[in-house]
Amino acid sequence: MGRAEVRRANEKKNKENKEMIKRGAKYRQLINSQRWVKLRAKKVSASPLCEACLERDITTPVQEVHHIEPIESAPDFDTMKLLAYDIKNLQSLCRACHKEAHRELKSNSVKEIQRRNKKRTNNFVEKFLRKE
């Protein structure tokens, strides 16, 4: 790799890092908002037990509210807001299950990618194709 290629790669990486820092600030803005506090309380009230534990017949009180589709995955701030404030994108979890959910999100195994894609498809169908 020549100097010019290295420089371009470093410039690209720096630009991506700056964007992640901006996105992190925007994320903090969203989760520190009054709107998020109210939505989180609504979710905890509606689902006071860890949803992942319940699937395994374990009863654990909710400790954290998880965004199923990560806010940071959004390409722009408007989409970040949509993901942040969509109650269908939230999951009540205990601390251990929340940590596991984030570990799984970072997994790139075929099985995990298929599971995420199926979940996204089901969420899409539920949100846009089901008649109420």
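Reader: Why is phenylalanine 124 called partly exposed?

Author: Its relative accessible area in this predicted model is 44%. Buried means under 20%, exposed means over 50%, and partly exposed lies in between (1.4 Å probe, protein chains only). Phenylalanine 124 therefore counts as partly exposed. Two conventions apply throughout. In this predicted model, local features need pLDDT of at least 70 and side-chain atom pairs count only at pLDDT 80 or more, while totals for chains, interfaces and linings use all residues. Residues are numbered from 1 along each chain as its sequence is written, and side-chain values use heavy atoms, with hydrogens and water left out.

Reader: What makes phenylalanine 128 exposed or buried?

Author: Phenylalanine 128 has a relative accessibility of 54%, so it counts as exposed.

Reader: Why is the aromatic pair of phenylalanine 124 and phenylalanine 128 called tilted?

Author: Rings of Phe, Tyr and Trp (its six-membered ring) pair if their centres lie within 6.5 Å; planes under 30 degrees apart count as stacked, over 60 as edge-to-face, and the rest as tilted. A search of the whole structure finds one such pair. In that pair, phenylalanine 124 and phenylalanine 128 lie 5.0 Å centre to centre with 45° between the planes, which makes the pair tilted. Both residues belong to helix H6, and because they are four residues apart there, about one helical turn separates them.

Reader: Which residues make the nonpolar surface patch of about 350 Å²?

Author: The patch is formed by Phe124, Phe128 and Leu129. Members of a patch have over 30% relative accessible area and no salt bridge; like charges are joined within 9 Å, and nonpolar side chains (Val, Leu, Ile, Met, Phe, Trp, Tyr) within 5 Å. At 44%, phenylalanine 124 therefore passes the area cut-off.

Reader: How do you know that phenylalanine 124 is in helix H6?

Author: Helices (H or I, at least four residues) and strands (E, at least two) are DSSP runs, numbered from the N terminus. Helix H6 covers residues 110–129, and phenylalanine 124 has its place there. The chain as a whole has six helices and two strands, in the order α-α-α-β-α-β-α-α from the N terminus on.

Reader: What makes up the largest nonpolar core?

Author: A nonpolar core is a set of buried Ala, Val, Leu, Ile, Met, Phe, Trp, Tyr and Cys residues joined through side-chain atoms within 4.5 Å. The largest has 11 residues in all: Leu30, Trp36, Leu39, Val65, Ile71, Ala74, Met80, Leu83, Ala84, Tyr85 and Leu90. In soluble globular proteins, nonpolar side chains tend to be buried together. A second, separate core has seven residues, among them Cys50, Ala52, Leu93 and Ala101.

Reader: Which residues does leucine 90 touch beyond four places in sequence?

Author: Contact means heavy atoms within 4.5 Å. Leucine 90 touches Trp36, Leu39, Lys43, Val65, His66, His67, Ile68 and Ala84, residues up to four places away in sequence not being counted.

Reader: How do you know that lysine 43 and glutamate 51 meet in a salt bridge?

Author: A salt bridge is a side-chain nitrogen of Lys or Arg within 4 Å of a carboxyl oxygen of Asp or Glu. For lysine 43 and glutamate 51, the N to O distance is 3.1 Å, so the pair qualifies. Lysine 43 is buried, because its relative accessible area is 10%; glutamate 51, at 22%, is partly exposed. Glutamate 51 lies in helix H3 (residues 51–55), and besides Lys43 it contacts Gln91 and Ser92, neighbours within four places in sequence being left aside.

Reader: What makes glutamate 69 and arginine 120 a salt bridge?

Author: Their side chains meet at 2.9 Å, N to O, which is within the cut-off for a salt bridge. This pair also links distant parts of the chain, with glutamate 69 in the loop between E1 and H4 and arginine 120 in helix H6, 51 residues apart. Glutamate 69, at 22% relative accessibility, is partly exposed, and arginine 120, at 39%, is partly exposed.

Methods. Areas by Shrake-Rupley, 256 points an atom, 1.4 Å probe, with all protein chains shown as cover.
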